[in-house]
Each structure stands twice: as structure tokens, then as C-alpha cells.
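I am opening a page for this structure, and I want to note what I look up about its pockets and one of its helices.

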Amino acid sequence: GIILMAFTRVIFDKIALPDISLRDQIKKGNMAVAIADTSNVIAAAIIISALMIWVTDNSFEGFVALLAGYGISQLILTGATYARRKVFSFLYDGKSIQEELQSGNIALALAFAGRKIGTALAISMAANIVVYEVYDIKTIFLPWIAVCVAFILIVQVLSYIAERVILFKVNTMAEILDDKNIAVGAIQAVIYISIAKLIAEL
């Protein structure tokens, strides 16, 4: 589990946020980058924990299933981060999540962290839906992917609705990008994590 979490950090550094050197920014005391990196570690722990519970046997096949599930989950998690970066740039006049993090925007980092952890919770829900079958490993991962994507979309939609209600008449992105309002970023994060957690407990 620890090795997989370390590998997750490499993926986050080199693929999810390729324009940021996590080590250099953290050494400089960049709290925004540290928050984003911390959320990635927490997200990895959530997913790996769910996979270890999901895989019910200690055989070689179980180990392969664990690694395959981890790989698929990381692909989905990294893909979600990549998509978020592209959508963010499109919606906000070419602004970059990576540049905002490098500039020390803690409000954005908190919102980013909430989405990251919430997405990980959504991915982990697949372990409660898809039944692990040791003799049918190859055919269980397509349902795993489908369930992960479905729950991510559900969390996205419900979080958006909750945000519009809780932060009524608040221009959240103006607050986060222009005013760097940490309170709004924190509320966004809590909304996303809370919605994902509530769905996970259903």
C-alpha cells in the first residue's frame, strides 16, 4: 500500500500536474501546492484501502486484481484531473490551475483538494457495487470503470447543486481566482467531500 501511494505521487507530479515540480515548490514553502499534493496522497489512500477490502483473497490472482484495480483507478483519477484542467482553462479565459497553484492561491488549492478527495471517494464506491470474483477477474473491470465514472458524474452534479444553494448569489470562481477567498475555497471543498461521503454511505 505504501509503495502504491508513493507511485501515485510520481503520477501526480509528472502527469497530472506536469508543469509543477512538487518537491521544489514545497521546499519553497508553497502552501497551495502542499495542499494539492496532500489531497492526492489522501485520495490514493482512500482508493487503495477500498481495493484492499474489495480483493478478498491473498492469492497471486488477488494481487494482480489489486494492481489492475489500482491502475484503472489512477487512470480515472488522473484523467479527471486532466479534464478539470482543460475545462478550467476554457471557462476562465485561459487561466491555468497549475499557474494558480504555483502562485500560492490557497483558495483554489482547497477547492482542488476537495474535488480530488471527493473523486477518490466516488471511485472507491465501486468496491461496494461490483462484486469481486476471483475466477472472473478479467470481466469485472469494465463494470468497475462504469460504476466509477457514473458515481463521479453523480457527485459532480449533486455538488454543483449543493454549492448553488449553500453559496447562493456568490460568484465562487471570482472569489477564488480574483479575491483568493480561502473561506469560499474551503466551503467548496467541504461540499464536494460531504456529498461524496453521503453517497458512499447509502
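I began with the term pocket: on a 1 Å grid over the protein atoms alone, a pocket is an open set of points where a 1.4 Å probe fits, with protein on both sides within 12 Å along at least five of seven lines, and lining residues have an atom within 4 Å of a point. The model is predicted, so local features need pLDDT of at least 70 and side-chain atom pairs count only at pLDDT 80 or more, while totals for chains, interfaces and linings use all residues. Residues are numbered from 1 along each chain as its sequence is written, and side-chain values use heavy atoms, with hydrogens and water left out.

I looked up the second largest pocket and found a volume of about 200 Å³, with a lining that includes Ser49, Trp54, Asn128 and Glu201. Helix 3 gives the most to this lining, with four residues; helices here are DSSP runs (H or I, at least four residues), numbered from the N terminus.

I then turned to the largest pocket, which holds about 610 Å³ of space. Of the 27 residues that line the largest pocket, Arg84, Val87, Arg115, Gln156 and Tyr192 are the closest to its centre. Helix 4 supplies the largest share of that lining, nine residues.

Last, I checked helix 1, whose 15 residues (2-16) reach 20 Å from the first C-alpha to the last. I noted Leu4, Thr8, Ile11, Phe12, Asp13 and Ala16 as buried, meaning under 20% relative accessible area with a 1.4 Å probe, protein chains only.

Definitions and conventions: Helices (H or I, at least four residues) and strands (E, at least two) are DSSP runs, numbered from the N terminus. The expected span of a helix is 1.5 Å times one less than its number of residues. Buried means under 20% relative accessible area, exposed over 50%, partly exposed in between (1.4 Å probe, protein chains only). Grid points are joined across faces, edges and corners, and a volume is the space filled by probe spheres set on the points.
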